[in-house]
Amino acid sequence: MSKADRRVALVTGGSRGIGFGVARALAAEGLDVVINGRRPEPDVAEPIAELRSLGAQVLYCRADIGELADHGAMLDAIRGRFGRLDVLVNNAGVAPDVRADLLDATPESFDRLMRINLRGPYFLTQAVARWMIEQRKADQGFQAAIVNVSSVSATEASVNRGDYCISKAGVGMATQLWAARLGEFGVPVFEVRPGVIRTDMTAGVTDKYDKLLAEGLTVEPRWGVPEDVGRAVVVLATGKLTYATGAVLPIDGGLTLRRL
Ligand code: NAP
């Protein structure tokens with residue numbers, strides 16, 4: 001495949017954790033990747049080098065996904081470098097700084113989580129969707145996909161992080177809305193719902209989940225790893241799952257499987 005034919009994926013929050021696992025899987029599959037994060041580029045030299053070692057062209061875009069004003073510059077940089085964008089993976093997200101009980105949680109934490117986890121990706125999807133529609137009109141063979149990374153928290157109620165749960169439930173509806181809207185343009189929209197994945201986000205609650213996993217929290221008795229989510233996103237982003245727009249894929253080792 002010539003360089004001009006290579007598909008390009010933007011993975012928000014692709015500099016570490018689940019997002020990096022997704023970027024690595026897409027790079028290994030032959031896509032060029034744009035990763036985004038909040039840190040300055042020299043701080044992410046290592047993940048960038050690893051992606052390049054897989055044969056991918058890599059662009060790093062420093063941007064706060066919650067800041068809509070940052071989106072334009074990021075997409076301009078992608079246009080300038082690649083002239084195309086085939087895949088958007090809305091992965092960047094944050095947990096509350098403090099896990100606070102519903103009776104104590106603050107509006108500031110609520111607003112922060114909505115801004116980064118829901119409002120930002122929702123409007124980034126709008127901007128990318130407009131560009132994908134243009135690309136599709138110019139080339140009927142253009143094969144796009146949008147994948148939202150939500151969480152089991154979209155459906156499982158945790159009373160010490162209601163803000164997080166509501167933001168992820170919102171991502172679930174955003175998936176359905178964008179899937180419904182973009183069908184006519186041949187852009188499928190999917191959602192992956194990770195369970196307990198070993199990353200920096202869960203580093204502070206290792207003991208809690210070690211114990212819950214030992215007690216049977218999941219059917220598959222282990223922590224999830226970013227590669228588990230990466231494999232799922234490759235399937236969704238490369239057109240291997242057909243006639244399935246709006247599909248939700250749990251990557252949770254059976255955590256949400258109803259058992260009696
Ligand atoms: P993580 O290890 O904390 O990594 C977060 C990534 O997102 C980093 O690349 C970070 O960039 C980036 N990021 C954070 N805030 C951002 C912002 N405002 N703008 C742009 N980039 C931002 O998190 P993770 O565990 O990989 O989680 C990734 C996604 O999966 C999140 O949406 C999370 O809610 C979801 N999820 C995680 C789990 C889990 O168990 N870990 C389970 C279900 C769902 P910097 O490196 O620059 O800070």
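The following questions and answers concern the fold of a predicted model.

Residues are numbered from 1 along each chain as its sequence is written, and side-chain values use heavy atoms, leaving out hydrogens and water. In this predicted model, local features need pLDDT of at least 70 and side-chain atom pairs count only at pLDDT 80 or more, while totals for chains, interfaces and linings use all residues.

Visitor: How many helices and strands does the secondary structure of the protein come to?
Guide: Helices (H or I, at least four residues) and strands (E, at least two) are DSSP runs, numbered from the N terminus. From the N terminus on, the elements run β-α-β-α-β-α-β-α-β-α-β-α-α-β. The total comes to 7 helices and 7 strands.

Visitor: Which strands are at the edges of the sheet?
Guide: Two strands pair if DSSP finds at least two bridges between them. The open sheet has 7 strands with parallel pairing, in the order β3-β2-β1-β4-β5-β6-β7. Pairing on one side only marks the edge strands, β3 (58-62) and β7 (248-251).

Visitor: Which residue in β4 is the bridge partner of Val-11?
Guide: Strand β1 (residues 8-11) runs parallel to strand β4 (residues 87-90), and 3 bridges join them. The partner of Val-11 in β4 is Val-89.

Visitor: At what angle does helix α7 run to β6?
Guide: Angles run from 0 to 180 degrees between N-to-C directions, with axes as lines fitted to C-alpha atoms, for helices over the stretch in contact. Helix α7 (residues 226-237) lies across β4, β5 (145-149), β6 (189-194) and β7. Its direction relative to β6 is about 170°.

Visitor: Are α4 and α5 roughly parallel or roughly antiparallel?
Guide: The axes of α4 (residues 107-138) and α5 (residues 162-182) come within 9 Å and cross at roughly 15°. Angles under 35 degrees count as roughly parallel and over 145 as roughly antiparallel, with 65 to 115 as roughly perpendicular and the rest as oblique. The crossing angle therefore makes α4 and α5 roughly parallel.

Visitor: How many nonpolar residues has the contact of α4 with α5?
Guide: Contact means heavy atoms within 4.5 Å. Residues of α4 that meet α5 include Phe-110, Leu-113 and Ile-133, and those of α5 include Ile-166, Val-171 and Trp-178. Ala, Val, Leu, Ile, Met, Phe, Trp, Tyr, Cys and Pro count as nonpolar, Asp, Glu, Lys and Arg as charged, and the others, Gly among them, as polar. With 6 polar and 2 charged residues beside them, the nonpolar residues number 13.
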